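Welcome! Take a look at the sequence and the model shown here, and then let us walk through them together.

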Amino acid sequence: MKTKILVANRGEIAIRLIRAIQELNYEAVAVYESPDKESRHIRIADEAVWLGNGPRCDYLNIDKIINAAKKSGAVAIHPGYGFLAENPDFVKACEDEGIIFIGPSSEVVSNLGNKVIARQIMADADIPMVPGTENLSPGDDGVKEALAFAATYKYPVMLKATSGGGGRGIRLIESDDQMKSEIPVARAEAKAAFNDESVYLEKVVIEPKHVEVQIMADKEGTTVHLGTRDCSIQRRNQKLIEIAPSMISDKKLLDTICETAVKAAKAANYFNAGTVEFLIDKDFNYYFMEINTRVQVEHTVTEMITGIDIVRTQIKLAMGKKLSFCQDDIKMRGHAIEMRINAEDPKADFMPEGGKTVSVYRSPGGYGVRLDGFVYQGFTIPEVYDSLLVKMTVHGFSWNETVDRLRRCLQNFVIAGPKTTIPFYLNIVKDPDFVKGDFDTSYLDKHPELFDYEDNANEASKLANLIAEIHHCGHNPYAA
Amino acid sequence: MERIVQGTSPAEVIRQLQNSDGYHITNTARDLSQSDFKNRILLHTDLLAADARERAGYFSLEITGGASVHVDILRKQVDPFLKLDILRKKMPTTMFQTLCRGVNLFGYRPYPQNVIRFTVKEFAKYVDVWRTFDFMNYIPNMQAVFEEVGKAGKVNEPCICFSTGPEHTDKYYLGKIQEILDVTGSDIILCIKNHGGLGTPKRIGELVDNIRQKYPDLPIHYHGHNTDGNDIGRIVAAVQNGATIVDAGDASFTGFYGPAPILSVVQTLKDLGYNAATIDEEAVIETSEVIRDERQHYHAFESQIKGFQPTVQIHKLPGGAMGSSLEQAVKGGFLDKMPDILHKEMPRVQKELGNYWSVTPGSQILWTTAVANIQGGERYGNASGDLRNLLLGKYGPFPFYEPEDWIFEKVLGSDWKKVLEEEGGVEDISDMDIDKEKEILADRIGEEPTDQQLVLYLQHPNDAVEFFKFEAKFGKVYVLPPSIFLHEGGFEAGETISFTDHTGKEHRVEVGPSIKDEDGETSVYLNVDHHQRVYTFEPELAEGAVAKPDTISKE
């Protein structure tokens with residue numbers, strides 16, 4: 001019997017993981033909740049285990065996932081991103097049950113998931129960091145500490161939930177009054193969302209670039225980096241577009257950042273694949289932000305420029321292999337851009353378009369184009385999960401070639417049914433600042449004109465619908 | 001002579017007209033569409049004509065108003081505001097003109113004052129010249145429109161509706177003009193609205209001359225119809241006697257009941273020494289050439305009976321109502337009774353009901369009553385609600401004399417005097433709660449309506465909602481040419497249909513097979529921009545397709 005690996009996720013990442021598992025000649029066990037019963041990840045997997053009606057609660061249910069692994073005979077679990085991917089209790093449960101967790105140890109996940117501990121580890125290793133506090137003391141003492149911090153470093157400051165992440169649990173504070181009123185609210189929210197009411201403060205870096213470094217480490221502690229990614233184009237701290245490598249022209253600076261990332265990973269005793277995130281300010285000072293202990297959505301851009309299959313490497317490392325390449329083996333070639341094509345209406349504040357059926361799905365292809373998706377023509381998008389339909393990653397030898405390719409692919413990408421981010425992205429690839437590679441985290445705020453496009457993706461099929469009616473009735477029933 | 005351009009203030013427009021050393025022409029494209037093509041000329045065709053029409057140098061282009069606002073949303077599936085907006089972009093100079101039915105706006109019954117004001121305010125953003133009339137020549141019915149047009153800084157062109165008969169004297173009309181001027185002040189254009197094309201050239205000449213004598217500075221705009229084939233005669237007489245502006249249409253689309261051809265007017269008057277100074281004859285000719293080939297696609301909407309109708313002088317039906325009346329006769333199977341209806345009953349009813357002006361909505365009352373009188377057996381035995389309202393004075397007082405008592409008795413019942421006392425008089429319609437209507441509309445269309453959507457909804461609530469739903473489903477269909485939009489019969493298998501959508505993107509639709517399954521459901525296969533698409537139709541849809549009754553396009 002082949003070795004089985006359970007994929008504890010859904011959507012495009014489940015398919016991405018299943019592909020790597022099958023390429024390694026293992027069998028992939030999928031899990032699913034009822035709303036996902038038509039999902040393609042189930043059909044591609046070698047077997048699938050139904051977890052329950054969900055929604056979401058079963059993908060988040062540690063016991064059910066562990067049981068599914070045991071029942072199916074899976075020796076390892078790949079968590080993907082989101083859901084249980086960075087939950088130390090889940091990692092611990094795997095360890096306790098003798099199931100290989102494809103990722104770092106529960107201790108590392110736990111340490112790096114706690115923002116305050118993570119900062120302490122990095123401080124000890126002399127990694128540059130944005131000035132910040134430890135966990136604020138409970139009650140009024142915490143407020144006093146916060147006000148003192150703000151007095152030293154000046155507003156604005158970020159109030160963050162210690163157990164938050166992925167853009168959640170963050171508030172911008174601009175005055176003492178706001179600080180006093182927001183701290184209790186933030187605590188209550190953090191308690192509700194993460195079951196941990198601790199919060200801390202960080203100085204705000206104005207309009208930074210978001211640059212991250214992909215790292216890989218084997219169990220012997222050999223740690224390498226796979227270069228940088230720029231994830232500055234975000235909406236409300238959610239990434240939309242990711243680029244590898246960073247467009248910062250100072251290569252020495254990027255090298256330093258990459259070396260710092262390796263140093264940070266080593267300081268955390270890091271194992272497997274991870275991402276070290278940095279903020280870079282206008283003066284090109286860089287600050288450690290956090291280490292994500294999972295495979296990132298945007299790992300594809302790094303794969304395109306390095307030629308290294310990150311998920312395959314993750315599995316091999318977890319199965320006890322050593323890194324088969326050293327830092328000098330890793331070469332970056334060209335540029336890659338990934339766009340998250342979401343079923344969302346950018347004009348309506350990115351309102352999800354779940355519940356709609358994909359009536360037409362025509363994807364682009366050709367040289368330098370990669371698609372990681374899971375929807376198909378006729379698929380009804382479940383309303384209860386995230387709105388990512390497909391990640392489109394293009395690779396080109398030069399930046400301009402890559403942008404040209406991206407534009408061509410967006411123009412050829414037809415999704416009818418739900419509104420998508422495609423027309424919005426089409427505006428981005430035509431924007432002079434984007435074409436120049438000039439963007440930071442304030443990009444969308446500074447380019448409101450990007451939202452100015454016509455929803456004409458379906459216009460032809462709408463008009464064709466009238467032509468069909470005229471053809472069918474033998475006259476235009478709406479003009480009679 | 002300088003061309004009067006869009007954006008000029010009313011006072012300056014009047015001054016330029018007073019000082020002009022020739023006459024001007026209004027291209028009444030809307031009236032042509034309504035009179036000879038049941039209002040179906042599509043925006044697509046008007047857009048083809050736009051460039052040449054813009055260069056032709058008209059005083060104005062009448063392109064909205066009358067029944068067109070309703071037909072735009074009901075049959076042409078185009079937003080009347082968007083239509084004006086798009087045309088304005090292609091025609092930056094030419095003034096746009098509307099025809100407004102006063103208190104009846106673009107419909108058939110009086111609207112509340114606040115709806116009138118709101119509607120005029122929204123349309124005035126696009127419309128420069130407001131030709132306003134009341135079918136009873138009851139001036140108070142037009143007052144709210146005058147005021148809103150004035151507030152918007154646009155040109156008021158009040159009408160005296162014209163007809164013939166012993167009561168229709170110059171003295172009467174001069175009195176009406178004074179009533180108008182008392183309300184509007186002197187910065188107006190006066191329209192002689194000859195919607196039936198009635199009277200002889202001599203008669204029109206006399207009227208214009210008399211107005212000119214009494215009001216030498218008042219610019220006169222003669223509006224006529226060519227139903228009897230003789231409007232050029234009347235136009236010539238009007239200009240000879242001092243009319244400043246006359247109406248005509250593009251020759252390649254002229255028919256029988258609409259305007260006379262522009263070029264014929266220009267040529268005839270030129271030989272008489274009158275100069276259409278701002279008119280570019282080449283552009284006038286070019287317009288006709290550009291749209292000539294489109295006419296074939298409107299074939300189904302042309303009059304069932306061909307030929308001029310000099311008998312209009314007897315039945316007095318307005319040009320705008322001729323086509324739809326004949327269509328009703330064909331559909332109702334009483335085409336053979338038309339001579340009786342038109343030549344005997346119409347003049348009789350006309351006289352019996354006070355010899356008022358046969359124009360919307362009054363012409364519908366005359367027509368419906370005449371048809372009912374002939375078809376129903378007993379005269380006035382089956383009176384419509386509108387006739388009842390007319391007798392009650394809801395539309396305004398009878399201008400010359402009241403109908404005889406027996407008609408009141410027939411229509412209102414034996415206690416008609418009491419009914420008249422209790423219910424009679426001009427209707428005082430209370431204001432509508434527009435905010436509440438807006439909420440209702442938002443509920444019905446599932447989004448916050450724009451002011452323009454709300455205006456359309458207040459005119460024709462159900463038809464407007466149907467139109468908004470249509471647009472959501474089928475997109476902006478005004479981009480389709482009449483050869484597609486008004487296509488008769490199915491398309492050929494393998495036929496390729498190309499069109500450019502409203503954003504300028506070109507599309508290609510290839511017609512594939514239609515396959516009917518055992519349940520009668522039909523799947524129509526189209527290849528849209530190289531993507532296969534299937535449109536399915538329920539069995540009943542094929543039969544239910546002719547759903548809406550055809551009762552509009554009247555004037």
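## Before we start

This is a predicted model, in which local features need pLDDT of at least 70, side-chain atom pairs count only at pLDDT 80 or more, and totals for chains, interfaces and linings use all residues. Residues are numbered from 1 along each chain as its sequence is written, while chains are lettered from A and ligands numbered from 1 in the order in which they are written.

## The two chains

Chain A has 16 helices and 20 strands, and chain B has 24 helices and 12 strands. Helices (H or I, at least four residues) and strands (E, at least two) are DSSP runs, numbered from the N terminus.

Of the 480 residues in chain A, 49% are buried; in chain B, buried residues make up 49% of 555. A residue is called buried if 20 or more other C-beta atoms lie within 10 Å of its own, exposed if 12 or fewer, and partly exposed in between, with C-beta atoms placed from the backbone. Two residues are in contact if their C-beta atoms, again placed from the backbone, lie within 7 Å. Among contacts in chain A between residues at least 6 apart in sequence, 64% join residues at least 24 apart. In chain B, residues 24 or more positions apart account for 74% of the contacts with a separation of 6 or more.

## Helices with a buried side

Start with helix α3 of chain A, residues 62-72, where Ile65(A), Ile66(A), Ala68(A) and Ala69(A) are buried. These four lie on the same side of α3(A) because they cover an arc of only 155 degrees around the axis; the arc is that of the directions from the helix axis to the C-beta atoms. The face turned away from that buried side carries the exposed residues Asp63(A) and Lys71(A). What do the buried residues of α3(A) pack against? Their partners are β1 (4-7), β2 (27-33), β3 (47-52), β4 (74-78) and α4 (88-97) of chain A. After α3(A) comes Gly73(A), with a positive phi near 80 degrees.

Now move to helix α1 of chain B (residues 10-19), whose buried residues are Pro10(B), Val13(B), Ile14(B) and Leu17(B). Their arc around the axis is only 95 degrees, which puts them on the same side of α1(B). An α-helix has 3.6 residues a turn, so residues three or four places apart point the same way. Ala11(B) and Asn19(B) are exposed on the other side of α1(B). The buried residues of this helix pack against β5 (155-161) of chain B.

## A helix pair in chain A

Helices α7 (residues 139-153) and α8 (residues 176-194) of chain A pack at an angle of about 150 degrees, with their axes 10 Å apart. Axes are lines fitted to C-alpha atoms, for helices over the stretch in contact, and angles run from 0 to 180 degrees between N-to-C directions. The angle makes α7(A) roughly antiparallel to α8(A); angles under 35 degrees count as roughly parallel, over 145 as roughly antiparallel, 65 to 115 as roughly perpendicular and the rest as oblique.

From α7(A), Gly142(A), Val143(A), Ala146(A), Leu147(A) and Ala150(A) meet Asp176(A), Met179(A), Lys180(A) and Ile183(A) of α8(A). By class, this contact has 6 nonpolar, 1 polar and 2 charged residues. Here Ala, Val, Leu, Ile, Met, Phe, Trp, Tyr, Cys and Pro count as nonpolar, Asp, Glu, Lys and Arg as charged, and the others, Gly among them, as polar.

## Two helix pairs in chain B

In chain B, helix α18 (residues 405-412) packs with helix α19 (residues 416-423) at about 80 degrees, their axes 9 Å apart. That makes α18(B) roughly perpendicular to α19(B). Phe408(B), Glu409(B) and Leu412(B) in α18(B) meet Trp416(B), Val419(B) and Leu420(B) in α19(B).

Helices α11 (residues 262-271) and α12 (residues 281-292) of chain B pack at about 155 degrees, with axes 10 Å apart. This makes α11(B) roughly antiparallel to α12(B). Ile262(B), Leu263(B) and Val266(B) in α11(B) meet Glu281(B), Val284(B) and Ile285(B) in α12(B).

## Where the chains touch

How many residues does the contact take from each chain? Chain B gives 39 residues and chain A gives 26. On the side of chain B that touches chain A, the elements giving two or more residues are α22 (461-474), α23 (482-485), β9 (496-500), β10 (506-516), β11 (522-528) and β12 (531-537) of chain B. The residues on this side divide into 20 nonpolar, 10 polar and 9 charged.
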